[in-house]
Amino acid sequence: MENKKKPITNPKLLEAIVNMQEDNNPDNVNRMIDCVMEAQFITPGNISKPRPVAKTDKNGSTVMQQETQIQFQLIENQNGEKFFPAFTDNSEKDKWANSKGKQDVVMTFDGYAQLLEDPKCNVMGFVINPFGRSVAFPKPMVKSLAEQKKDMQSTGGLKQQTISPDEQVQLGDPEPDEYPIDMMAAIINFLRERDDVNAAYLRMFTRENEDKPSYLVIVDFTGDKMEEIFKGISTSAAPHLSGYMLSMIPYNLPFAQKAVDGVEPFYTIED
């Protein structure tokens with residue numbers, strides 16, 4: 001996060017939000033999220049003067065550093081849950097009376113994600129333009145998108161899962177009372193917009209020495225748009241993961257074909 005005086009405007013994001021809210025198709029949702037990842041936002045707060053703080057460095061020595069404290073102004077929904085307000089520009093910020101007399105803290109998606117990952121943080125997410133065309137990003141969605149972004153940055157693109165022949169893995173199906181209906185509906189809505197996906201399957205996937213399983217989506221597609229397809233599935237599923245991780249692999253891998261032997265796809269192109 002940083003405090004700057006230059007005007008903050010987000011015309012591309014505002015346009016993307018309007019398009020998404022008027023036509024909630026996967027392309028518009030993905031475009032809106034891409035704009036959020038690149039945007040700068042205004043969050044009102046109180047910024048204290050830098051003060052010396054004793055810190056311990058990696059060698060165990062005590063060093064003095066200058067530290068600035070920021071107290072953010074939070075907004076509450078009808079359930080009393082607190083969110084960071086994320087304004088796209090000053091005109092949106094001025095709609096909130098509580099912003100008067102506060103300092104502008106310039107934030108990015110990464111900044112909100114860093115604050116929200118703190119276990120001591122009781123804020124439930126952030127809301128873009130809460131007094132205008134608002135879009136909420138709950139904490140689970142922020143966490144999922146941040147993890148996807150980190151994977152893409154570390155690999156130069158979406159990570160393709162690979163399974164070595166001697167690796168011990170466990171495959172299964174979701175429990176009937178825990179079947180992710182909302183997630184599957186969101187993925188199906190995305191896949192219906194494409195003509196290059198023949199089928200998709202859902203399994204639960206647990207690697208050796210891991211306790212918690214992940215969702216595993218196996219995709220049978222044609223062409224060379226794997227990264228585009230996987231990104232769309234990730235974005236569609238993100239709000240519905242409920243703390244689970246999502247992995248995806250193409251059907252043409254031997255492991256994938258073995259994993260879905262005798263399993264009915266949750267989506268086929270005839271759907």
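Visitor: How are H2 and H7 placed relative to each other, roughly parallel or roughly perpendicular?
Guide: Helices (H or I, at least four residues) and strands (E, at least two) are DSSP runs, numbered from the N terminus. Helix H2 (residues 26–38) packs against H7 at an angle of about 85°, with the axes 10 Å apart; axes are lines fitted to C-alpha atoms, for helices over the stretch in contact, and angles run from 0 to 180 degrees between N-to-C directions. Angles under 35 degrees count as roughly parallel, over 145 as roughly antiparallel, 65 to 115 as roughly perpendicular and the rest as oblique. H2 and H7 are therefore roughly perpendicular.

Visitor: Which residues of H7 does H2 meet?
Guide: This is a predicted model, where local features need pLDDT of at least 70, side-chain atom pairs count only at pLDDT 80 or more, and totals for chains, interfaces and linings use all residues. Residues are numbered from 1 along each chain as its sequence is written, and side-chain values use heavy atoms, with hydrogens and water left out. Contact means heavy atoms within 4.5 Å. From H2, Val-29, Asn-30, Ile-33 and Asp-34 reach across to H7, where they meet Lys-231, Gly-232 and Thr-235.

Visitor: How many residues of the contact of H2 with H7 are charged?
Guide: Ala, Val, Leu, Ile, Met, Phe, Trp, Tyr, Cys and Pro count as nonpolar, Asp, Glu, Lys and Arg as charged, and the others, Gly among them, as polar. On that basis, the contact of H2 with H7 has 2 nonpolar residues and 3 polar ones, and the number of charged residues is 2.

Visitor: What is the order of the strands in the open sheet of 3 strands?
Guide: Two strands pair if DSSP finds at least two bridges between them. Strand S1 (residues 41–47) pairs with S7 over 5 bridges in the antiparallel sense, and 3 bridges join S1 to S4, again antiparallel. The edge strands, each pairing on one side only, are S4 (70–72) and S7 (103–107). The order is S4-S1-S7.

Visitor: Which residue in S4 is the bridge partner of Gly-45?
Guide: Gly-45 has a bridge partner in S7, namely Gln-103. In S4, the bridge partner of Gly-45 is Phe-72.

Visitor: How many of the 7 residues of S1 are buried?
Guide: S1 is largely enclosed by the rest of the structure. The reason is its count of buried residues among the 7, which is 5.

Visitor: Which strands are at the edges of the open sheet of 4 strands?
Guide: This sheet has the order S5-S6-S8-S9, with mixed pairing. S5 is joined to strand S6 (residues 82–86) by 2 bridges and runs antiparallel to S6, while strand S8 (residues 125–128) pairs with S9 over 4 bridges, also antiparallel. The strands that pair on one side only are S5 (75–76) and S9.

Visitor: Which residues make up the uncovered face of S9?
Guide: In a regular strand the side chains alternate between the two faces of the sheet. In strand S9 (residues 135–138), Val-135 and Phe-137 form the covered face, and the uncovered face holds Ala-136 and Pro-138.

Visitor: What is the phi of Asn-129 in the turn between S8 and S9?
Guide: S8 and S9 form a hairpin with 6 residues between them. Asn-129 is a residue other than glycine with a positive phi, near 45°.

Note on methods: Buried < 20%, exposed > 50% of the residue type's maximum accessible area, 1.4 Å probe, protein only.
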